[in-house]
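Please open the model in the viewer and keep the selection panel at hand.

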Amino acid sequence: MERQERVLRRLLDAHGRTYADEAGIRLRDTPQPLYRLLVLSHLLSARIRASVATATARALHEAGLRDPRRMSAASWQQRVDALGRGGYRRYDERTATQLGDAAELLNDRWGGDLRKLRREADGEVAELRRLLQEFPGMGPAGADIFLREAQGVWSELAPFLDPKALQGAERLGLPLDSERLVALAGNTGADVLAAALVRAAVGKDVAADALGD
């Protein structure tokens with residue numbers, strides 16, 4: 001147990017930061033930050049480096065595409081250009097279309113407010129996960145990313161450690177039970193814990209450092 005605590009503490013000390021924070025999103029239970037998290041989750045779910053996805057989320061914000069109304073009102077080329085400035089060039093044309101369509105869906109069905117989607121799910125994580133996948137470009141991986149990060153402000157989700165986070169725990173020789181992992185993490189939030197474990201899952205060097213190899 002002491003070794004597991006040391007390993008997890010090293011990981012959290014070095015990588016205890018949510019992806020939303022890395023993307024410059026000060027996450028709160030209000031429409032704009034939640035929408036920016038939705039976009040970030042979409043970007044992170046592609047086969048692309050997380051650093052590129054977070055940089056692109058920042059670029060979209062800097063281009064003014066920070067809420068669903070502005071995103072849907074922007075031209076396709078404006079979205080492509082913003083994605084390109086963030087380095088998201090491999091998927092820029094398809095993603096530009098998906099972001100526009102997703103913004104329109106959010107505006108039309110939930111008035112641009114993801115809190116209304118949350119209320120529709122009525123506290124059911126599985127239903128929330130299903131509803132998130134109705135957005136174009138948001139598959140299971142994207143929905144899981146959103147839920148991992150949103151648990152910091154949507155308490156009914158916590159602890160939400162998806163298969164990717166648990167893959168990181170396995171690589172580090174940590175328990176594969178969410179409640180035990182949260183207990184090992186002490187005062188660290190489940191959102192921060194999940195992000196750190198994902199970094200261990202996708203980065204061999206991250207895991208090696210935490211293990212002390």
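Is Glu 120 buried, partly exposed or exposed? Glu 120 counts as partly exposed, with a relative accessibility of 37%; on this scale buried means under 20% relative accessible area, exposed means over 50%, and partly exposed lies in between (1.4 Å probe, protein chains only). The model is a predicted one, in which local features need pLDDT of at least 70 and side-chain atom pairs count only at pLDDT 80 or more, while totals for chains, interfaces and linings use all residues. Residues are numbered from 1 along each chain as its sequence is written, and side-chain values use heavy atoms, with hydrogens and water left out.

**First selection: Glu 120 and Arg 109**

Glu 120 and Arg 109 form a salt bridge, with 3.0 Å between the closest N and O atoms. Glu 120 belongs to helix 8 (residues 114-121) and Arg 109 to helix 7 (residues 92-110), so the pair ties together parts that are 11 residues apart in sequence. A salt bridge here is a side-chain nitrogen of Lys or Arg within 4 Å of a carboxyl oxygen of Asp or Glu; helices are DSSP runs (H or I, at least four residues), numbered from the N terminus. Arg 109 is partly exposed, at 39% relative accessibility.

**Next: Glu 127 and Arg 130**

In helix 9 (residues 125-132), select Glu 127 and Arg 130, which lie 3 residues apart, about one turn of the helix. Their salt bridge has its closest N and O atoms 2.7 Å apart. Glu 127 is partly exposed at 25% relative accessibility, as is Arg 130 at 41%.

**Next: Arg 148 and Asp 162**

The closest N and O atoms of the salt bridge between Arg 148 and Asp 162 are 2.8 Å apart. Arg 148 lies in helix 10 (residues 140-150) and Asp 162 in the loop between helix 10 and helix 11 (163-171), 14 residues apart. Both residues are buried.

Select Leu 44, Ile 145, Lys 164, Val 198 and Val 202, which lie nearest the centre of the largest pocket among its 17 lining residues. Helix 10 gives the most to this lining, with 5 residues. The pocket is an open set of points on a 1 Å grid over the protein atoms alone, where a 1.4 Å probe fits, with protein on both sides within 12 Å along at least five of seven lines; lining residues have an atom within 4 Å of a point.

Methods: Helices (H or I, at least four residues) and strands (E, at least two) are DSSP runs, numbered from the N terminus.
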